Amino acid sequence: MRNLSIIIGSIMLALIVIVALAGPSVVSQLLFPGERPAMRGSYRPYQLDSAEHPIGTDGDGRDGLMVFISSIGPSLQIGLIAGATSTSLGVVIGFLAGYARGRLDTLSRILIDMVLVIPTLPLLLMLAAYIERWDLYKLSLILGIFGWSFVARVIRPQVQSLRERSYVDLAVLSGENAWEIIFLELLPPLLPYIGYVFSLSIVGSMLAEAGLQIIGLGAGGLPTLGFMIAKGFRESVIAIGLLGQMLLPAGALIYVFLALNLINTGLDEVFNPRLKTTIEGGD
Amino acid sequence: MTANSDTRAGEAAAERQDAGRREVLRYALRRFGVYLFTLWAAITVAFFIFRLVPGDPMNILLGNLTRAEGRQRDAAAEEAIIARYRHIFGMDEPLPLQYVNYLRKAVLGGLDLGPSFVEYPAQTKDLVFRRMPWTLGIFTTSVLLAWIVGTGLGALIGWLQRSRLSQIAVVISTLLQITPVYLVALGLIIYVGYTWRILPAGGPYARHLQPEWSWEFISSLLTHAILPMLSNMIVIGAGFTLGMRALMISVLGEDYLTFARAKGLSPFTVLKDYAFRNALIPQVTALAIIVGATLNGTFIIEVLFQLPGLGTLFVQAMGLRDFNTMQAVVLFSIFAVLTLTLIVDLALPLLDPRVRRTA
């Protein structure tokens with residue numbers, strides 16, 4: 001099997017997407033018919049695990065499992081939107097930088113390196129101080145805008161190396177213009193690599209989002225996995241004995257990262273076949 | 001470059017060495033120029049981002065204060081107060097002038113970044129300097145230790161690539177590497193700190209102690225530092241391990257290694273002089289790349305472990321809407337990241353002769 005890791009990773013990812021989409025209604029139908037498990041004050045807060053509440057209730061009197069299941073979707077959504085934003089920005093800038101030569105190339109390299117080293121967390125936090133009301137899209141877009149430099153940084157050298165290949169020279173000689181060369185000659189072979197970078201960006205955005213929540217300044221009230229972890233930590237749910245309310249969201253985050261990581265490993269092998277032969281061929 | 005270097009053999013060698021040195025110097029100077037330019041640009045970007053986002057800091061700050069005190073809002077008086085404060089903090093001038101003043105004070109005024117809004121007249125510079133040792137201490141120590149451990153471990157795993165043990169190590173490091181650093185920190189706090197009570201999991205040192213040069217204080221400081229550093233180390237170290245393993249494996253596939261073995265060199269010599277050394281260079285570059293991301297993680301770790309570093313300062317300033325202090329923290333962290341990256345980059349030619357030539 002050539003790409004087992006892509007398949008396993010995709011299945012894992014598909015499973016959690018299904019849970020995120022169908023989970024909330026299924027859980028509320030099956031476990032809480034006729035109740036409102038996700039509404040504040042529905043139950044007595046901080047109840048321990050029981051048959052009725054598998055991972056207890058949270059500090060706001062909601063069912064823990066219900067909160068957990070409905071937190072997965074927003075987390076994934078943020079990762080997806082932010083990842084798509086930073087990948088598309090980074091790919092455009094990386095292609096322009098890689099395709100340009102001379103002074104423009106030097107300038108763009110300096111620009112990319114510069115943005116890359118700026119620690120983004122304080123900038124994000126500072127923006128968070130200015131923005132009064134966060135919503136999911138605002139947060140995702142801002143995370144995405146801060147994430148492009150990494151994408152551009154890794155795309156640029158790939159474009160540079162591709163454009164020196166002889167088939168590109170041939171395309172130039174046969175009269176293709178710059179856009180045709182970029183879209184017909186350079187982009188297609190890089191697609192697996194772009195997929196790889198996209199998946200890395202999703203991980204990065206989800207990491208940043210959960211980090212913001214845990215530091216306590218994130219999008220207050222956005223019901224994500226990171227928010228659930230942060231809330232659990234602040235209310236010390238572990239000391240109360242509500243292990244699941246901490247471990248489940250943490251586990252779900254790690255699960256998503258693992259799935260994306262598997263897909264990444266596979267895409268990397270597709271893009272870079274030498275990696276596989278050297279690993280298998282050994283010494 | 002070396003126009004007449006081929007007159008006599010001895011001179012040629014000396015001259016080549018000389019040229020090599022000049023190349024290194026040129027590389028260093030160029031790198032330093034890029035550093036200064038990047039620093040300036042980063043400061044400029046940071047300055048304008050925070051001046052251009054909607055919302056006047058003074059309005060937000062004073063609006064919050066009056067709201068917090070619950071007084072009847074007197075619009076005219078509030079306007080007057082805001083105008084007065086804007087004047088004190090030099091924010092009533094046109095933007096370009098503010099920028100020039102800001103740069104002038106920061107560069108010529110000995111890093112004068114203005115007073116703190118909240119702890120006025122305390123200088124933000126002093127606040128930052130007081131907190132900086134904590135952040136840099138935790139950060140540099142854990143990154144360096146993680147790099148050393150990860151590089152060694154990765155080289156070993158890469159060398160023993162087929163054994164079961166190294167496969168298990170790969171799976172474990174992959175899992176650790178994808179775990180966010182704050183989740184590792186939370187796990188350590190909850191289990192090691194509170195459930196098992198093995199190590200202290202919060203605060204810089206025991207509460208009853210004062211900073212002094214005593215064994216009691218220093219040991220308390222060190223035991224309190226273990227968990228924060230460990231959280232950083234586990235995640236970064238796992239990343240370095242995997243990176244080094246991949247590098248090692250690709251080096252092991254090279255022909256010159258087969259040749260070295262065929263020459264009859266001992267496996268240890270091959271490992272040390274041929275494989276390890278060549279895999280090390282990209283590994284040092286990797287060190288430079290992760291500096292920024294790791295600083296982000298360190299900020300979160302400080303907050304979780306309640307250490308009085310820059311991250312905590314930032315979060316406190318943020319809660320009080322102390323924009324000058326926030327800006328100072330951002331600038332200092334940019335400065336720290338750029339400087340650390342510069343140091344790594346300048347160390348690179350010592351390891352890799354190719355950088356000297358191509359610089």
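**Packing of helices H2 and H8 in chain A**

In this predicted model, helix H2 (residues 64-99) of chain A packs against helix H8 (residues 225-234) of chain A at an angle of about 135°, with their axes 7 Å apart. Axes are lines fitted to C-alpha atoms, for helices over the stretch in contact, and angles run from 0 to 180 degrees between N-to-C directions. H2(A) is therefore oblique to H8(A) (under 35 degrees is roughly parallel, over 145 roughly antiparallel, 65 to 115 roughly perpendicular, and the rest oblique). On the H2(A) side, Val67(A), Phe68(A), Ser71(A), Ile72(A) and Ser75(A) meet Leu225(A), Gly226(A), Phe227(A) and Met228(A) of H8(A); a contact requires C-beta atoms, placed from the backbone, within 7 Å. By class, this contact has 6 nonpolar, 3 polar and no charged residues (nonpolar: Ala, Val, Leu, Ile, Met, Phe, Trp, Tyr, Cys and Pro; charged: Asp, Glu, Lys and Arg; polar: the others, Gly among them).

Leu225(A) is also touched by Leu253(A), as are Met206(A), Ala210(A), Pro180(B) and Leu183(B), not counting residues up to four places away in sequence.

Chain A has 11 helices and 0 strands, helices being DSSP runs of H or I with at least four residues and strands runs of E with at least two, numbered from the N terminus. Of the 283 residues in chain A, 45% are buried (20 or more other C-beta atoms within 10 Å of a residue's own; exposed, 12 or fewer; partly exposed, in between).

Residues are numbered from 1 along each chain as its sequence is written, and chains are lettered from A and ligands numbered from 1 in the order written. Local features need pLDDT of at least 70 and side-chain atom pairs count only at pLDDT 80 or more, while totals for chains, interfaces and linings use all residues.

Notes. Two residues are in contact if their C-beta atoms, placed from the backbone, lie within 7 Å.
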